[in-house]
Amino acid sequence: MKKLIEIISLKKDYYIGEVTVHALRGVNLSVTEGEFVAIMGASGSGKSTMLNIIGCLDKPTSGDYILDGINISGLSRNELASYRNRKLGFVFQTYNLLPRTTALDNVELPLLYNSTIKSKERRERAIAALESVGLSDRMHHKPNQLSGGQQQRVAIARSLVNDPVVILADEATGNLDTRTSYEIMSLFQDLNSKGKTIVFVTHEPDIAKCTTRNVIFKDGLILRENAVTDRTNAAEVLASIPIEAD
Amino acid sequence: MSIKNLFKIAMNALLRNKFRAFLTMLGIIIGVASVIAMLGIGEGSKQSIQSQIAGMGLNLVTVVPGSQQRGGVQFGASTMQSLKEADVAVILSECPAVKLATPEVRGNGQAVFGALNWPTSLYGENESYLEIRERSVTNGRMFTDREITSAAKVCLIGQTVVTNLFGLGADPVGQVIRFKKIPFLIIGVLDSKGLNTFGQDQDDLLLAPYTTVQKRVQAITYVQSIYTSAVDASSTGLAATQIEETLRRQHKIKASDQNDFTIRNQAELLSTFSSVSNILTVLLGAIAGISLLVGGIGIMNIMYVSVTERTREIGLRMAIGGKGRDILLQFLSESMLLSITGGLIGIVLGIAASKIIGSTMSWPVVVLPSSEILSFAVCTIIGIFFGWYPAKKASSLDPIDALRYE
């Protein structure tokens, strides 16, 4: 299988005043096409820094990061922006949907920054993305008219709309209850089974069990890596959780 | 990102805070409206002064006796007797830029008709007077060459004198009035011109042949002033130079001596008054411009608030591929939309305000298209200028920090 992400002896230092913080101390990691990787670790372990670098939002101090065959380390701010636009999809803990903007318009947003896509195609792709997350009946709802799970599904649709090579999720279930978390994980597993590569940052071991491989960070280094043997099928768990009456 | 999308996003962002957008725009609206109204008032007063001066004859070049030194004593200009009837003939024959010329002799006194009397001025002129001063005879006729030669006791009468001696709208032609005990046959009535720029009644006069006034009323041989008319308004300067040369020769003034006459032309008067009203316009415009500036600062303030409020949105837009330039243009188009919309509303209100001021206070208010274009351009510039720093701040945010902003 093709290696989509290849990270070689990557270091990241932060300078806060005169103190140097070594957030990453030489990490080697690779993700192949079709994987569903969970990055885990306590806070301060370097997992967020890792995700920022994988997401092309930050540049490493030293070492190489090769995304889909291109070394990111030498790119400018603007080049990184268009790279994020074409290659990556982001899902955040707090959804980050634009308020008072319909689901459809929110999903269209990444395509607005790609001038090669005309408005008609933009709309069609946004509709298709919303349908793939099961929200075809909520297209014209605004975020405040949607539940947390629905908002996160809009965010997932937004991350899918530009057909990225990797979807990056940062604590995507952190704000959701157990049932909704498994709903979202079920959706991610579904996308993964259709061939999407997903990198998923979480600190919940139960959620991490839904992925195919767990990478555990500690003090800026990878503590251990293991393939998930007894993988949870999120859809099955979901069926076993009773719907709370409220 | 296309311009259409930029403005769509800006429009949606502003519509999310309609009242705030309106209040921000209000600064620009008031600024632009007051600039337009103030410039309108300034321009109106300028045009009204110009038209009044033009009404006195734009081609007019006046020669009056100048102050003179005799034996070390400076004599006042009005006591001088340096202008003669012959000067008029010389000016007409030797100055090609002068089309018409008339001597003027004045006398003040009571005009009497029956039991009524009225203090007025008698002006002695020749037959070119009407054309030089741009006046006309509404009823009756002008005096003739023959009547000038014979110093005939005929006169034309101004509307104010008609009203006071004969009653409003009466026809005095053919009646005889007395001025300084001399009877004058009224042969015509002058058109009504109203007050001039200086508040003088231009209809309070009697007009007679200058010979009559010289010989029969004042008993003098000199003339008090000479009015000439240049061939066109642009050659008044040339006419003045030619008249000066001619009169210096005629009066045999040595090169080292000063003129014994003074030449004034309307163009000079016009430029003096124009510069006064230009200063007025600039002053009014500057005061209004300050309010426009304050409006611009209001936009800057609200844009800073907006950037801070929407830090996470900026972070998200950057994360999904928005470049610094896209974010800059987004906020810039928002501030421009605010200022341009405010500007357009301001222009409409400014024109309306000018109309209201013009009609309620009966001031001459003239709104020039150039002032509309100017204030529109200023608004656009304000939008860019005051929107630039907040937009620049937004575009230089770090996406990671912006996404985490609480």
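Here is a short tour, from the confidence scores to a few single residues.

## Before we start

This is a predicted model, so local features are described only where pLDDT is at least 70, and side-chain atom pairs count only at pLDDT 80 or more, while totals for chains, interfaces and linings use all residues. Residues are numbered from 1 along each chain as its sequence is written, and chains are lettered from A and ligands numbered from 1 in the order in which they are written.

Let's check the confidence for chain A. Its pLDDT (the predictor's confidence in each residue, from 0 to 100) averages 91, and 99% of the residues score at least 70. Helices and strands here are DSSP runs, H or I of at least four residues for helices and E of at least two for strands, numbered from the N terminus.

## Where the chains touch

How many residues does each chain bring to the contact? Chain A gives 17 residues and chain B gives 17 residues. Being in contact means that the C-beta atoms of two residues, placed from the backbone, lie within 7 Å. On the side of chain A that touches chain B, the elements giving two or more residues are helix 2 (77-87) and helix 3 (103-112) of chain A. Helix 2 of chain A provides the largest share, six residues.

Sorted by class, that side of chain A has eight nonpolar, five polar and four charged residues. For the sorting, Ala, Val, Leu, Ile, Met, Phe, Trp, Tyr, Cys and Pro count as nonpolar, Asp, Glu, Lys and Arg as charged, and the others, Gly among them, as polar.

## A covered helix in chain A

Now zoom in on helix 3 of chain A. Ten of its ten residues are buried, where buried means 20 or more other C-beta atoms within 10 Å of a residue's own, exposed means 12 or fewer, and partly exposed is in between, with C-beta atoms placed from the backbone. Among these buried residues are L104(A), D105(A), E108(A) and L112(A).

What do they pack against? The partners are helix 2, helix 4 (119-132) and helix 5 (148-160) of chain A, together with helix 1 (3-16) of chain B.

## The sheet in chain A

Chain A also has an open sheet of six strands, in the order 6-7-8-3-9-10, with mixed pairing. Two strands pair if DSSP finds at least two bridges between them. Strand 6 (88-91) and strand 10 (221-227) of chain A are the edge strands, each pairing on one side only. From one strand to the next, the twist averages 20 degrees; axes are lines fitted to C-alpha atoms, for helices over the stretch in contact, and angles run from 0 to 180 degrees between N-to-C directions.

Strand 9 (residues 213-218) of chain A runs antiparallel to strand 10 of chain A, and six bridges join them. Look for F217(A), which stands opposite I222(A) in strand 10 of chain A.

## Over to chain B

Chain B splits into domain 1 (3-52 + 272-404) and domain 2 (81-259), with bounds that come from an automatic or database domain assignment. The C-alpha centres of the two domains of chain B lie 56 Å apart.

Strand 4 and strand 5 of chain B pair in the antiparallel sense over nine bridges. They form a hairpin with two residues between them, and G114(B) in the turn has a positive phi of about 60 degrees. Strand 5 of chain B also runs parallel to strand 10 of chain B, joined by five bridges, and there L122(B) stands opposite L206(B).

Is Q110(B) buried or exposed? Q110(B), in strand 4 of chain B, is exposed because it has 12 other C-beta atoms within 10 Å. Leaving aside neighbours within four places in sequence, Q110(B) is in contact with N117(B), W118(B) and P119(B).

Then try G383(B), in helix 12 (residues 369-395) of chain B. G383(B) counts as buried because 26 other C-beta atoms lie within 10 Å. The C-alpha atoms of G383(B) and L337(B) are separated by 7.7 Å, though these residues are 46 residues apart along the chain.
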